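Colleague: Could we go through this model together, one point at a time, with the cut-offs stated as we go?

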Amino acid sequence: MAKMWAGRTAGNTDSIADDFNSSISFDSRMYRQDITGSMAHAAMLGAKNIITQEEAQTLIDGLDGILSDLDSGKLEFDMSCEDIHMFVEQVLTERLGDVGKKLHTARSRNDQVALDLRMYLRDEINTIREKTEKLIVTLLDAAEKHKAVIMPGYTHLQRAQPITFGHHLMAYVMMLTRDCDRLRDCNKRLNQSPIGSCALAGTTYDTDRRFEAKKLGFDGICMNSIDGVSDRDFCVEFLSAGATLMMHLSRFSEEIILWSSWEFKFIELSDAYTTGSSIMPQKKNPDMAELIRGKTGRVYGDLMALLTTLKGIPLAYNKDMQEDKESVFDAVDTLHMCLDVMTPMIATMSVRADNMKKAAQGGFINATDLADYLVKKGMPFRSAYKISGQLVGKCIAEGKVLETLTLDEYRAYSELFEEDLYNDIALETCVEKRISEGGTSVTSVEAQIKYVKDIMNIK
């Protein structure tokens, strides 16, 4: 079939080349943005008397009909068309005749696809940010509920110091608030309209690019027409923000996987978000968390694929840039899926506070507080550190914990030990003493929750 761009050539390409060149199989998802953008373009052409007002309205009505028919399923995509732009123009011309051929005046597919992708990504970024905020709210609720639940904090995956589960959850909340900021920043730079840049050099028609940009909700226009058609920084920036968000979801998933194992048993996931084994009836596998962890690699790959595609492309538009959309679409779909699963998985998980406390008691994670006790009594820190380490070694050798050693046993190492040491090394005291801003005490966790609610305007 001859193409609508036939002229310089006959427009007859080999069927294999057609399939290789075609993008409608994936860019058809932008039909709503493509048609909406074309309606604004028709309105601009009419407002500037490049076409008549009557012709502009005819085009707008025709485009609105195509949009309605696609939404309802009355009209199906023609996969023999090269891309979504050609499909819409072809259907419009079939329905309106020569008037339909006037729509493409003063624009190119180069600025049209850049417009569609910006509009599509703007909508998707907002939705992804809203879903991230919903996950934040879920975590804030869990942190409030478990702000006094004691668990071991880890470094090097070794029990280090006592913290609260609420404090631990708030660390992920802080990561996710930064993710929301990054997504919001993406839209700031994305929201400049490229339409009117045409192929690369602008147009001889007296267009009004700002009219069109305002009608489509953009903050302004791309100020250089070459940059307008060749810029894909906004895609890279989104993929980078998406990869960072996925990294945070993956780190949290890793901990969920560990915590739900028999070795930890800190939490239990709802049956709705686990699977069983085909051969081992006792198994309850955290497959959803594992899939989130695994799918992080996909989004990393999407980012690296686009960076690699763009790194050697000269200005302005090149067909290589068709590769931007599949990377963006895959990342968008992956982020939606992972956030849709993560939020209810966290909301429905059960917390085993007893096992967390038991693990905290058995890991000598109050050894730092024992050293601090001696320092407050006047001993140099390094000397206190050594005695605390010796006492931990004694406990390990004798199967005891610091809380069960007698005062006489303590005083054998230093006369500074007195009865009040037992209160100082109690896990509850260890947690509540950490009153520094951002620390693990209940009051500090409450302050963190309030801070996030304030900056995100969460009631």
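Colleague: Leaving aside neighbours within four places in sequence, with which residues is Ser 388 in contact?

Modeller: This is a predicted model, in which local features need pLDDT of at least 70 and side-chain atom pairs count only at pLDDT 80 or more, whereas totals for chains, interfaces and linings use all residues. Residues are numbered from 1 along each chain as its sequence is written, and side-chain values use heavy atoms, with hydrogens and water left out. Contact here means heavy atoms within 4.5 Å, and on that basis, with neighbours within four places in sequence set aside, the partners of Ser 388 are Ala 367, Leu 370 and Ala 371.

Colleague: Is Ser 388 buried or exposed, and which backbone atom does its side chain reach?

Modeller: Ser 388 lies in helix α15, residues 381-398, where helices (H or I, at least four residues) and strands (E, at least two) are DSSP runs numbered from the N terminus. Buried means under 20% relative accessible area, exposed over 50% and partly exposed in between, with a 1.4 Å probe and protein chains only; Ser 388 has 4% and is therefore buried. At 3.2 Å, its side chain reaches the backbone nitrogen of Ala 371.

Colleague: Which parts of the chain does the salt bridge between Arg 184 and Glu 133 link?

Modeller: The side chains of Arg 184 and Glu 133 meet at 3.4 Å, N to O. The two residues are 51 residues apart, so that the pair links distant parts of the chain, namely helix α7 (residues 165-190) for Arg 184 and helix α6 (residues 109-145) for Glu 133.

Colleague: Of Glu 409 and Lys 400, which residue counts as buried?

Modeller: These side chains meet in a salt bridge at 3.0 Å, N to O. Lys 400, at 28% relative accessibility, counts as partly exposed, whereas the residue that counts as buried, at 17%, is Glu 409.

Colleague: Which residues form the nonpolar surface patch, and what is their accessible area together?

Modeller: Patches are made of residues with over 30% relative accessible area and no salt bridge, like charges being joined within 9 Å and nonpolar side chains (Val, Leu, Ile, Met, Phe, Trp, Tyr) within 5 Å. Leu 315, in the loop between α11 (287-310) and α12 (323-347), is exposed at 68% relative accessible area. Together Leu 200, Ile 226 and Leu 315 form the nonpolar patch, with an accessible area of about 270 Å².

Colleague: What radius of gyration does the chain have?

Modeller: The chain contains 19 helices and six strands, and its C-alpha atoms fill a box of roughly 100 × 50 × 40 Å along the principal axes. The radius of gyration is taken over C-alpha atoms, and the globule rule is 2.2 Å times the number of residues to the power 0.38. For a compact globule of 459 residues the value would be near 23 Å, but the chain has 31 Å.

Terms used
Areas by Shrake-Rupley, 256 points an atom, 1.4 Å probe, with all protein chains shown as cover. Salt bridge = Lys/Arg side-chain N within 4 Å of Asp/Glu carboxyl O. Polar contact = N/O pair within 3.5 Å; in protein donor to acceptor, adjacent residues only side chain to side chain.
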